[in-house]
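Colleague: I would like to learn how to read the features of a model like this one. Please take me through them in turn.

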Amino acid sequence: MEGNRKKFKMPHALVIMVIIIFIATVMTWVVPAGKYVRVENAQGVKVVDPNQFQWLERSAVGIQMIPYYIIQSLKSKSNLMYVTMFAGAAFHMIALSGALQVAVGAASRKFRNKAHLFIPVMTTLFAVICSTQAVNHFIAFAPIMVVIAMAFGLDSITGVAIILLGGAIGFSTAGLNINTAVLAQKICEVPLYSGLGFRAVCFVVFLVVTNLYLVRYVKTITKNPAASPMYELDLQREGKDADLSAFGRMDWRKTGVLVSLVGSLVLLMYGNIRLGWDLEEDAALFLVLAVVIGFLLAMNPSKIASEIVNGCKSMLGAALLIGLAGAIAGVMSAGNITDTIVYGAGQLLSHMPRFLLGPAMFIANILVNMVIVSGSGQATAVMPIMAPLADLLGLTRQTAVLAFTFGDGFCNYVLPHSSALMGIIGAANVPYDRWMRFMWKLFLIWVITGCALLAVAQMIHLGPM
């Protein structure tokens, strides 16, 4: 289940991330510095004042400061890093038990020729769940989905795609996430949770388009396994050709492990949706799961501790990728170029033809999201600009909010500094370049689909407001 991590060259991904941080540093030397004045609006949200932008003296960040911003980023992302490592510990213990292998072996024998049905069901499930939750809560699911996909005779990309693509649709279209869509509506003074009828249409359209793409990909690699970007790496993956029946039959220990796993995942979803859990609680849950499974496997405390450490080590590369990602935003913020990019996007939109404004807002939000990967951060930065711009050009604010959620959401599944993307592909040992060989065409399809839906929203004057 864990794969051969040395052959997958995780350090290469870490080097790429450091290079991107270096590029961001160089940008602070050439992009003019500027800053919006932040004010508190009537709803108590601190936002930029679109009428108060000021140019500043250049605040170039020195190369010698890169290690500092990396450490600051690791510190700020520590909760997500802990989730990743302790989830690795829990699933390492599950792998030792053989319980998942036995269960997956039975399921694959029953549904092996029905992947075209299994995949849409699973992507829809993750889409529904992620309509209220961030996708990075499901990093721990990646190893499970890879095992299931490969037991079906597919590849590891299919396993992570089920989570990432389904999650992307729910997160980007549903409008129920309080940190993105609802916050944007609050800033724009649009009724909260409004526009859900049109968003439901968007949800279905993106779900159909995405599943068609994924099922077509599955049919391609089924006929020609070498067409998978992960073909040669999956051949090296430990357990790839293992006889799942060799793990024995389901006994009471394996049953206990599976019951603990399912119970923990149900509790994870319930806690995040209903109890207000955050990543700290998620990490604690996976730590407890690892300990419980250790006792179910009759391990003594020393053995449990040793195996937990081994599991955490297996996810250290993915955790570091997540931690490094935030350094990019830190460097740009220190160089005072983040607001400059937002200002430039607003100026560009003000000169766009009215009939292209909805799609143009979507594209502008994609560009801003490359700099501000935080959904709430992007909402507070761009929506105070987009809302009056929409008023000025005859576009409803609801359409502006939709353009924001599309731009903030879908872009996260191609950006190398997205914690959700890097955490999940890191957990599954799928290198970023291999993921992009699969993903770039779908991302273009998403952009075209989003532009078309926003053009429709503009034509029908999507309301209220």
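Modeller: Start with the open space. About 1,100 Å³ lies in the largest pocket. First, the ground rules. This is a predicted model, in which local features need pLDDT of at least 70, side-chain atom pairs count only at pLDDT 80 or more, and totals for chains, interfaces and linings use all residues. Residues are numbered from 1 along each chain as its sequence is written, and side-chain values use heavy atoms, with hydrogens and water left out.

Colleague: How is a pocket found, and which residues lie nearest the centre of the largest pocket?

Modeller: Rolling a probe the size of a water molecule over the atoms shows where empty space is left. A pocket is an open set of points on a 1 Å grid over the protein atoms alone, where a 1.4 Å probe fits, with protein on both sides within 12 Å along at least five of seven lines; lining residues have an atom within 4 Å of a point. Points are joined across faces, edges and corners, and the volume is the space filled by probe spheres set on them. Here 42 residues line the largest pocket, and Ala134, Asn136, Asn179, Ser374 and Gly375 lie nearest its centre. Elements giving two or more residues to this lining include helix H2 (66-76), helix H3 (78-97) and helix H17 (375-393). H14 gives the most, five residues. Helices are DSSP runs (H or I, at least four residues), as are strands (E, at least two), numbered from the N terminus.

Colleague: What should I look for in salt bridges, and how many does the structure hold?

Modeller: Side chains of opposite charge can pair when their charged atoms come close. The criterion is a side-chain nitrogen of Lys or Arg within 4 Å of a carboxyl oxygen of Asp or Glu. The structure holds five. In one of them, arginine 38 pairs with aspartate 339, with the closest N and O atoms 2.4 Å apart. That pair links strand S1 (residues 34-40) to helix H15 (residues 338-350), across 301 residues. Aspartate 339 is buried at 5% relative accessible area, whereas arginine 38 is partly exposed at 34%. Buried means under 20%, exposed over 50%, partly exposed in between (1.4 Å probe, protein chains only).

Colleague: What does leucine 96 touch?

Modeller: Contact means heavy atoms within 4.5 Å. Not counting residues up to four places away in sequence, leucine 96 touches Met299 and Glu307. Leucine 96 sits in helix H3. Its C-alpha atom is 9.5 Å from that of glycine 294, 198 residues away along the chain.

Colleague: Now the backbone. Where does alanine 298 lie, and what is its phi?

Modeller: Most residues other than glycine have a negative phi. Alanine 298 has a positive phi of about 65°. It lies in the loop between helix H12 (279-296) and helix H13 (301-314), and counts as exposed at 55%. Tyrosine 193 also has a positive phi, about 65°. Tyrosine 193 is in the loop between helix H8 (181-188) and H9.
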